[in-house]
Amino acid sequence: MLPFLDAAQVAEAAQVAERHGWDGIFLAEVVWGVDAWVSLTAAAMRTGTIRLGTMLTPMARFKPWDLASRVGTLDRLSGGRVQLAVGLGALHPGWTAFERDAGRRERALLLDEGLAVYDGLMRGQPFAFDGQRYQVEPTDFFPPDPPVQQPRVPVWVVGAHGSPKSMERAARWDGLVPNVRDAGGMRGPESPAELAEIVAAARRLRNEAGLPWDGYDVVCEGVTAAGDPVREWGQAGATWWIESDWSVTDPEVLWRRIQAGPPTT
């Protein structure tokens with residue numbers, strides 16, 4: 001995770017990360033600020049293998065056709081290295097400075113419809129959608145080539161353990177960003193044992209929906225020192241560990257952590 005960097009710094013950090021064995025770089029997508037997709041495009045032009053994604057995109061804040069255009073374009077440019085992560089989005093001053101929150105239910109509706117439109121556009125024309133918030137008609141006006149990754153650039157979705165609708169949504173897509181809803185609000189799993197419980201729930205939901213578990217991602221975030229093991233998280237079901245330290249605002253500190261290499265699995 002590369003917080004608080006401008007586009008040129010993201011491109012440089014991606015090069016360093018690729019040389020030191022990291023599998024991906026991720027950026028937050030903000031309502032106003034440094035554009036995540038421009039920054040990831042700069043990184044794509046300076047790298048060859050590392051994956052490029054968001055952690056995460058508050059999908060209710062963006063038109064799904066705009067998002068599908070950016071994601072598909074970068075997937076073709078990068079040779080199929082893009083990863084999209086979405087959620088309702090955490091409310092913070094960088095959001096509410098510009099618009100009022102319409103409420104969690106409305107954000108959930110926009111997320112569900114947005115994902116449906118995103119998926120349909122990724123699969124190509126003709127595509128139509130008639131929802132409560134979005135209406136889309138087929139078009140032959142300069143449709144883009146399909147993305148490299150098929151049938152779509154994969155989507156990780158936040159799933160809140162303790163919220164059946166949230167977990168069901170995440171189980172329908174390509175990966176789970178596990179959260180836990182408790183008295184203190186939303187948080188990530190605090191232990192491999194807690195993660196294993198969430199993974200078991202996601203497995204059941206995938207099975208009930210007739211969807212395979214193989215190829216489905218489980219994404220955990222945390223902070224480690226170089227060489228620290230994250231093996232227990234993998235044993236609990238995580239397929240990705242994202243090194244995510246939001247307290248680091250000094251690029252030199254971030255550079256040193258990147259150069260030290262990823263944790264061990």
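Student: Which residues make the nonpolar surface patch of about 360 Å²?
Tutor: Val 31, Trp 32 and Phe 98 make that patch. Patches are made of residues with over 30% relative accessible area and no salt bridge, where like charges are joined within 9 Å and nonpolar side chains (Val, Leu, Ile, Met, Phe, Trp, Tyr) within 5 Å. A salt bridge is a side-chain nitrogen of Lys or Arg within 4 Å of a carboxyl oxygen of Asp or Glu. Accessible areas come from the Shrake-Rupley method with a 1.4 Å probe, and for residues only the protein chains shown count as cover.

Student: What kind of model is this, and how are residues numbered?
Tutor: It is a predicted model, in which local features need pLDDT of at least 70 and side-chain atom pairs count only at pLDDT 80 or more, while totals for chains, interfaces and linings use all residues. Residues are numbered from 1 along each chain as its sequence is written, and side-chain values use heavy atoms, with hydrogens and water left out.

Student: Back to Val 31: where is it found?
Tutor: Val 31 is found in the loop between strand E1 (24-27) and helix H2 (36-46). Helices (H or I, at least four residues) and strands (E, at least two) are DSSP runs, numbered from the N terminus.

Student: How exposed is Val 31?
Tutor: Val 31 has a relative accessible area of 31% and is partly exposed. Buried means under 20% relative accessible area, exposed over 50%, and partly exposed in between (1.4 Å probe, protein chains only).

Student: Changing topic, how many aromatic pairs are there?
Tutor: The count comes to 9 aromatic pairs. Rings of Phe, Tyr and Trp (its six-membered ring) pair if their centres lie within 6.5 Å; planes under 30 degrees apart count as stacked, over 60 as edge-to-face and the rest as tilted. One of the pairs is Phe 26 with Trp 240, which is edge-to-face at 5.6 Å centre to centre, with 90° between the planes.

Student: Which parts does that pair tie together?
Tutor: Phe 26 lies in strand E1 and Trp 240 in strand E11 (residues 240-243), so the pair ties together parts that are 214 residues apart in sequence.

Student: Are Phe 26 and Trp 240 buried or exposed?
Tutor: Both Phe 26 and Trp 240 are buried. Ring pairs also link Phe 26 and Trp 240 with Trp 156 into a cluster.

Student: What about Trp 65 and Tyr 134?
Tutor: Trp 65 and Tyr 134 form an edge-to-face pair, 5.5 Å centre to centre with 80° between the planes. Trp 65 lies in helix H3 (residues 64-78), and Tyr 134 in the loop between strand E5 (129-130) and strand E6 (135-136), so parts 69 residues apart in sequence are tied together. Trp 65 is partly exposed, with a relative accessible area of 32%, whereas Tyr 134 counts as buried at 5%.

Student: Which peptide bonds are cis?
Tutor: The bond from Met 55 to Leu 56 is cis, with omega near 0°, and so is the bond from Gln 150 to Pro 151, with omega near 5°. Leu 56 lies in the loop between strand E2 (51-54) and strand E3 (57-58), and Pro 151 in the loop between E6 and strand E7 (155-161).

Student: Finally, how many helices and strands does the protein have?
Tutor: The secondary structure comes to 9 helices and 11 strands. Of the 265 residues of the protein, 48% count as buried.
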